Amino acid sequence: MTPEQELELEQPTNSDSTSEEPATSEQENIPTLDEILASSMIQEDTKPATLPEDPSSPLQAEDASSEASQSSNTGLISYKDALPNIIHVLPLSNRPFFPHQIIPLVVESGPWAETVKAIANSPQKIIGLILSKKDNVNDVQTEDFHLMGTACRLHRIAQAEDKLQIVVEGLERFRIEDWVSSQRPFVVRASFHPETRYDHVEEIKPYVLAVINTIKELLPLNPLYNEELRFFLERFGIEEPSPLADFAASLTTSTKEELQDILDTTHILKRLEKVLLLLNKELQLAKAQVEIRKQVEEKMQNQQRDFFLREQLKVIQKELGIEKDDRTTEIDRFRKRLSELKVPEAAQKRIDDEIEKMSMLEVGSAEYAVTRNYLDWLTLMPWGKHSEDKLDLPHAREVLDADHEGLEDVKDRIMEFLAVGKLKGSINGTILLLVGPPGVGKTSIGRSIANTVGRTFYRFSVGGIHDEAEIKGHRRTYIGAMPGKFIQSMKEVEHANPVIMLDEIDKIGANYRGDPASALLEVLDPEQNVDFLDHYLDVRFDLSKVLFICTANQQDTIPAPLLDRMEVIKLSGYLASEKLKIAKKHLVKKQLDKSGLQADQILLPDDCLAKIIEDYAREAGVRSLEKRIGTITRKAARKFLEGATLPIAVTPDNLNDYLGKPLFENEKAIKGVGVVTGLAWTPMGGATLSIEAICVHKYTRGFKLTGQLGDIMKESAEIAYGYVISQGETFGVDKNYFENAFVHLHVPAGATPKDGPSAGITMASSLLSLAKGQAVDKIMAMTGELTLTGQVLPVGGIREKVIAARRVKIYDLILPEANRRDFDDLPGYVREGVNVQFVKEYGEVAKLLW
């Protein structure tokens, strides 16, 4: 069968004779759908029936068949009465097909051409349409078919490309009794369920009327139903409830399983009940759709109304001479901003040029939007606007003392800085760098400085920044371009002399996008930032009045040129006594406010706070201490809600119930042969190290290092090892000791990375103790860099190291002579009770130890 060939099947006049006229031409023999429908109107026998006296008994197809066989005594026989028991079947994928429907179907030519051809060549052209349980009907098996389907008569076949278009008319229900052919073409043995006509059956009428009324309600909501209902009423009446039920079900958008259930139901009352449920669901769905459509239309009408009213308002304003378009309004707004500023001449010229350019651009153009945004930024800059500095030194000291406990040296340095500013009349061109461990109050000190001098405070973190455009902005040629962070801060603070804090400046990065640290050189140079040029703004802006405060945990990772532009103020860790004061004065109150408790509802005595500091929060800052206090207050709040007796007392004895087991054990200095205590600096503050050395064996000479040591610390160990070997006899060591000794030097804790030269004299003392076979006379903590000639060089972090020694109750220290000034600069409460021996060369260290 070619795509151009069509087969027209003419309806027979009785069940015994069929006629098939050959197709003469494509134009003459293809009937229209109306002609097919008209030719399908055949007089059918109707069989009056009544429902069984027992309403609960189903109206089965067998009863209808028997009645049909007994009452069929007329001369005219309908083709329905002579349907063959053996029929070919086709699967349907979307929804079942109901009797009395006439619709065109499209099937795949490849798998179903043979089936359609067999049907077309059969005497009665009968085909069975059955819903498939699978969505893909091209690979169905016999078990994929539902049992109930609709017997149809084939009226027309046409092929278009790889599809077959067929027109079928539904006749009546049938059930599969057996499979004659379980392969394509599928053939089944069918039992039919003829329709029954119900005259004067009162039980059916209420259902029929309910179905008809529901359909009437659906008609205004969906006009597509009108034509289908008109066509149905031309063929059937309300005295035929079975076609009505099937027709009503076919109108709905129910699932194929629900529609198949209707097809499976042969009992008319049950079928009408199910159809009524589907119709009501369809009615509710249609009403919801209408409501949604109504809301959308109302919204659109309101928008259109607003648009027309605005357009009318513009016309009225234009007629009255008071109309301003959007462009004029924007330009007037920019000029109003400029009238309150002192814009430099170069910037004013650029603004005037951009305003003139904007006045000639179309409002809807992309260039207009770019120019408007650019002018918006230019006119929002605080040109010439400065806040007045409040350089009241007594007040400044009060603010610093109220906000921070301890840190006297830092406060004194800030007071000196403010005093110089007061003498000069202003604070200009100053860049401060606050260096210290986490949690010591660097950010809060910067905020306190801003409050002291009465300036606006703005903070942003530069840690992890890899793109220099974050500092100097993007060029306006890029879509979505923005100024850099400094220009953005100027817009937000609305003054040209704020306090800007650059947090985590030691963690700034660099990659292929640029080097932000290099871009900061211009910003943080008092000689250059007077004419700072942002790539987006593209005009010079004066940053020389800004007070820059940077924070860092360590100086080592800050580029030297950048560090050279800053004035460094070091913040060391707090002592336990300082932490206790901070907790009582600030942290407890802050956490009580967060938890919703009152001060009289919980008791946190000093000895409990001291235990928290000692066992749970030994770091240099107070951040961890604040977290522990917060944990206690949250658990106390829960106990309060559970009805605990007030006040809730937290004591050293029940502290474990709130915080668990202590995180730190009491550090004790280890004493023994080859064991010496050293002092180290870490980003978290100072720490003590018990460096250990042993002789593993004397089979061969060797030296092994463990403890995650960095390159510099490994070099210090090699220097100490070489120095002790070369000068061992001077210190009473057997000259042959190291000839065959395999020495192992370990620096606990092994999981903590360590680096730096400050452990040189400590490692040399550990090796010397091992070689002499003699422990040190008394526990002393030491720090200092050692050279190959035995010179002791200065190291950093003296304050942190002294605090670490006090924490473990070691008060005898050995420090390099060159660090005497650093020790003398420490506050008196840190130096109190500490006995320090200053040394220039290692020989002095050995005399102090033995």
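Reader: Where is K411 placed, and how is a helix assigned?

Author: Helices (H or I, at least four residues) and strands (E, at least two) are DSSP runs, numbered from the N terminus. By this rule K411 lies in helix α14 (residues 408-424). The model is predicted: local features need pLDDT of at least 70, side-chain atom pairs count only at pLDDT 80 or more, and totals for chains, interfaces and linings use all residues. Residues are numbered from 1 along each chain as its sequence is written, and side-chain values use heavy atoms, with hydrogens and water left out.

Reader: Is K411 buried or exposed?

Author: Buried means under 20% relative accessible area, exposed over 50%, and partly exposed in between (1.4 Å probe, protein chains only). K411 counts as buried because its relative accessibility is 4%.

Reader: Which side chain makes a polar contact with the side chain of K411?

Author: A polar contact is a pair of N or O atoms within 3.5 Å; within protein, one must be able to donate a hydrogen and the other to accept it, and residues adjacent in sequence count only if both atoms are side-chain atoms. For K411, the partner is the side chain of D401, at 3.1 Å.

Reader: How many salt bridges does a search of the whole structure find?

Author: Side chains of opposite charge can pair when their charged atoms come close. A salt bridge is a side-chain nitrogen of Lys or Arg within 4 Å of a carboxyl oxygen of Asp or Glu. The search of the whole structure finds 31. In one network of salt bridges, R397, D401, K411 and D412 are linked.

Reader: Which parts of the chain does the pair R455 and D389 link?

Author: The side chains of R455 and D389 meet in a salt bridge of 2.7 Å, N to O. The pair links distant parts of the chain, 66 residues apart: R455 is in the loop between α15 (442-453) and β11 (457-461), and D389 is in the loop between α12 (366-380) and α13 (393-403). R455 is buried because its relative accessible area is 6%, and D389 counts as buried at 19% relative accessibility. E388 is also found in the loop between α12 and α13, but E388 is exposed, with a relative accessible area of 67%. The C-alpha atoms of E388 and R455 are separated by 7.7 Å, although these residues are 67 residues apart along the chain.

Reader: What separates D593 and K589 within helix α20?

Author: D593 and K589 are separated by about one helical turn, because they are four residues apart in helix α20 (residues 576-595). Their side chains meet in a salt bridge of 3.5 Å, N to O. D593 counts as exposed at 53% relative accessibility, and K589 is exposed at a relative accessible area of 54%. Another salt bridge joins the side chains of R821 and D825 at 4.0 Å, N to O; R821 and D825 are both exposed.

Reader: Why is helix α26 largely enclosed by the rest of the structure?

Author: Eight of the 10 residues of helix α26 (residues 798-807) are buried, so the helix is largely enclosed by the rest of the structure. The buried residues in α26 are I798, R799, E800, K801, V802, I803, A804 and A805. K809, which follows α26, has a positive phi, near 60°.
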